Amino acid sequence: MVPELMGMLARGLRVWAPAVLVMVVLASCNTTKYLPPSQELLTKQSVRLIDRKNVPDRADVTYQLSTIAKQQPNGNFFLLWPREYFYLDNNKPKDTTSIDRFLRNTIGQEPAIYSDSLSRRSAAAMQDFMRYKGYLNARAYHEADRGRKRKVNLTYHVEAGERYLIDSVVFTSADPGVDSLLQASRFQSNFVAGEYLDLNNFDVEKARISQYLRNNGYAFFSGAYIDQLEVDTSRRQGYADVFFNVLPSQQEGGYRKYRVGEIQVFTDYDPLALGQARFRLDTVINNVRFLSNQASFRMRPELLRKNIYIEPGSLNSRADLNKTNLSLNGLGIYSFVRINQQIDTANESVLNYTIQLSPADRMSIGADLDLNYTNRNGTAGAGNLLGISVEPSFQNRNVLGGAELLTTSVRAGLEVNPSPNDNNPFFNTIDLAADISLNLPRFKDLGFYSLLNKIPAPYRGNIVGDGTLRGMREKASTRFSVGYEYLLIRQLFSYTIFNARFGYDYKASPITNYRINHLTIDVLQPTIEPEFAPVLDQNQRLQRSFGEQYFFSVLFRNLEINRAGRPDRRGRSVGLSGNFEATGLEVAAVNSLINAFREDDITLRPKSDAVFARYLRWQSSLRYNKSYTPQKSFATRFAFEIGQPFGGSQEEIPYVKQFFVGGANSMRAWAPRGLGPGGFIDPLSLDTDNNLFLYQTGDIRLEFNAEYRFPLFSFFRGAFFMDAGNVWILGEDPARPGSGFRFSERIESNILVQPFYRQIAVDAGFGLRVDLSYFIFRLDLAMPLRYNYPHEGDGTPLPRDGERFPESDYWRPFTSFRNLNLRPQLGLGYPF
């Protein structure tokens with residue numbers, strides 16, 4: 001399969017070879033003519049490792065070395081023209097107009113003038129970097145290659161030499177208490193005998209030691225108390241002994257270990273009302289004193305006490321202090337949380353704590369206004385939709401006195417066709433919705449997770465481990481919500497959805513979030529428009545996906561996972577999101593249990609004209625981002641989605657849960673639901689006067705997107721992008737030949753159907769983005785490069801009566817390019 005895919009791409013490149021030749025622009029601007037004779041322009045810079053085999057992670061090391069250089073060559077505007085040219089060409093005394101200033105200061109860059117002294121300093125810094133990495137005998141030097149026109153190509157040569165291994169790690173302190181903790185924690189050290197020496201870990205190790213000591217009573221211990229790292233390489237060739245030493249204490253008696261003393265909580269602290277000694281409310285809960293000047297506590301003290309993890313009489317711990325701070329801030333009802341610690345005047349080994357809580361506004365009102373543009377065909381101004389929606393909301397941050405968040409919102413949206421005709425009316429889409437949600441700041445187990453914590457898993461541990469259960473009790477919040485939505489798409493369908501949900505939001509780490517829904521009830525009631533009824537009559541599979549349906553789950557409905565990647569030293573980050581949804585499992589189990597005691601099988605139904613939806617559904621998205629500069633990056637996304645009904649051969653995934661491609665955030669050269677499934681050709685998608693009513697969906701979605709994003713000038717950004725993907729159905733659909741997901745070719749309805757990888761569509765284009773910080777306005781111009789079917793060169797399908805077509809018939813030749821092939825897509829934010 002892989003060779004066939006590579007061959008398909010190679011043939012596509014041959015089709016587009018003329019386009020590549022036309023788009024290549026030679027930037028021959030001679031910028032050095034503006035420089036004084038004594039100056040040279042740095043045009044290229046590289047780092048060369050002389051002994052590459054000695055550096056296992058040479059790609060990362062080379063990149064890090066390149067960032068150390070104290071000079072960097074200038075960039076290019078629009079990838080083609082040197083930016084220093086715009087600076088120099090518009091920097092003459094007569095260049096005083098606003099256009100000159102714009103070209104000089106916004107598009108241009110001050111030229112990178114080669115400096116030999118800076119190059120020597122850069123080489124010395126690279127040498128130090130390698131020695132810190134453990135290459136203690138490394139050396140570095142620079143070489144300037146002077147070409148014509150006073151341009152310099154600079155190369156840094158780095159010889160790493162042998163990398164030293166750690167032979168032993170020794171921790172010492174003159175203080176007995178500190179020394180005992182150092183020996184107890186030495187196995188958690190970042191310096192391990194037998195591993196490579198990396199002196200950059202010294203600061204990390206100091207932070208680890210300081211944190212460990214502060215969590216064991218030494219509240220004021222600092223990394224500054226640790227002496228400089230000692231490295232001894234004399235004992236064995238290629239090995240180093242590492243010594244950590246805590247400096248002697250400057251106070252008499254050595255370092256002091258503290259215990260927690262009194263804890264006072266000012267629940268309505270006002271920094272402007274200082275000096276008030278009398279409080280209207282004063283109560284003690286589990287040895288913690290709560291004080292208030294108000295007639296009642298904003299949050300019940302017994303509930304507030306559960307968010308305080310420092311305990312009177314216990315050994316002082318910085319971890320418990322941080323956990324308390326995060327928990328109190330996470331309640332969402334305080335605008336300011338401050339925890340002060342003071343040494344007790346009667347006992348110098350005791351720390352007293354004062355927690356100051358400044359309440360936030362209890363109620364707030366907000367509103368969101370959204371403007372959108374939906375492109376339905378390739379002709380701007382004809383058949384496109386303009387939309388507006390408004391969503392006012394109301395929040396009560398402490399509705400029951402326990403930091404519960406009550407949120408209510410309503411939404412009203414409308415999409416209109418600015419160029420109406422007989423087939424496309426002016427009003428196209430109406431969207432109305434209302435939601436009410438109640439978030440409890442604590443995890444309410446109800447016994448379900450405690451039970452799973454006791455049930456053994458198939459391989460090891462339990463279904464829910466002790467660490468997971470403990471993390472949810474500390475960081476998860478409980479959510480109840482109900483909602484209602486009405487959507488009308490003229491000449492297609494309308495539906496109403498009522499939903500009720502119970503679940504949890506769990507922030508496992510700063511970059512990982514989970515959302516779990518358990519008890520869920522959705523009621524879907526669609527209404528078919530008269531114009532759409534004939535379409536359903538001709539497609540039984542599509543007809544089965546419509547109809548009144550109940551989505552019912554008790555123990556589990558879905559699990560969402562979102563993991564945001566943090567950039568590494570090379571600016572690379574990987575993000576992952578996934579959503580597994582299972583609907584109707586409990587209904588299927590009850591149905592099977594009933595049929596086990598009956599001779600004739602029955603199917604549970606809510607009522608005669610409705611059914612229980614039963615399906616499994618998985619959505620996943622993998623994102624990779626490479627940042628070259630704060631404004632220049634390369635981003636990719638790979639999406640895989642699949643859904644499968646269960647419970648009978650006549651069942652289908654509900655239409656509202658099926659997948660589609662096209663639109664501003666997907667295959668941008670196609671309208672939403674206008675591509676696929678598979679190699680099927682929807683006649684409506686070819687009709688530019690009647691393609692507002694596209695409805696093609698599938699059970700499988702594969703899509704790959706890539707963008708190179710770069711700055712243009714001021715707050716304008718540019719991007720070159722490419723999209724590839726499609727949707728397919730599982731099984732067969734006689735009404736849509738070629739729509740199924742296949743690994744090999746076959747004949748369907750006298751049509752030769754190709755395997756799925758030959759039905760992948762491809763588009764490319766250019767995007768203009770206006771980055772206003774608080775939002776990004778986006779205009780993408782996309783053109784289809786490869787269709788999911790063979791065509792005459794302009795998208796018109798070729799007759800497919802069992803004939804096999806060459807790969808070139810799927811690609812659009814560059815000679816057929818016209819302005820009408822560019823399809824605009826408007827959007828807010830980045831597409832992925």
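What volume does the largest cavity have? In this predicted model, in which residues are numbered from 1 along each chain as its sequence is written, the largest cavity has a volume of about 100 Å³. Local features need a pLDDT of at least 70 and side-chain atom pairs count only at pLDDT 80 or more, while totals for chains, interfaces and linings use all residues; side-chain values use heavy atoms, with hydrogens and water left out.

A cavity is here a set of points on a 1 Å grid over the protein atoms alone where a 1.4 Å probe fits but cannot get out, and its lining residues have an atom within 4 Å of a point. Grid points are joined across faces, edges and corners, and the volume is the space filled by probe spheres set on the points. By this rule there are 3 cavities of 30 Å³ or more. The largest cavity is lined by 14 residues, and Leu752, Val753, Gln754, Arg800 and Tyr810 lie nearest its centre.

The pLDDT, which is the predictor's confidence in each residue on a scale from 0 to 100, averages 86 over the chain, and 90% of the residues score at least 70. Over residues 15–28, however, the pLDDT is below 50, and this stretch has 18 contacts (heavy atoms within 4.5 Å) beyond near neighbours in sequence.

Strands (E, at least two residues) and helices (H or I, at least four) are DSSP runs numbered from the N terminus, and two strands pair if DSSP finds at least two bridges between them. An open sheet of 3 strands has the order 1-5-4, with mixed pairing. Strand 1 (41–49) and strand 4 (139–146) stand at its edges with a single partner strand each, so one side of each is left without a neighbour in the sheet. Strand 1 pairs with strand 5 (residues 151–159) in the parallel sense over 8 bridges, and Lys44 has Asn153 in strand 5 as its bridge partner. Helix 3 (residues 58–68) packs on this sheet, touching strand 1 and strand 5, and its direction makes about 145 degrees with that of strand 1; such angles run from 0 to 180 degrees between N-to-C directions, with axes fitted to C-alpha atoms, for helices over the stretch in contact.

A further open sheet is formed by 5 strands in the order 10-11-9-13-12, again with mixed pairing. Its edge strands are strand 10 (281–285) and strand 12 (334–343), each of which pairs on one side only. Strand 10 and strand 11 (residues 288–292) run antiparallel and are joined by 5 bridges, with Ile285 standing opposite Val288 in strand 11.

Conventions
On a 1 Å grid over the protein atoms alone, a cavity is a set of points where a 1.4 Å probe fits but cannot get out, and a pocket is an open set with protein on both sides within 12 Å along at least five of seven lines; lining residues have an atom within 4 Å of a point.
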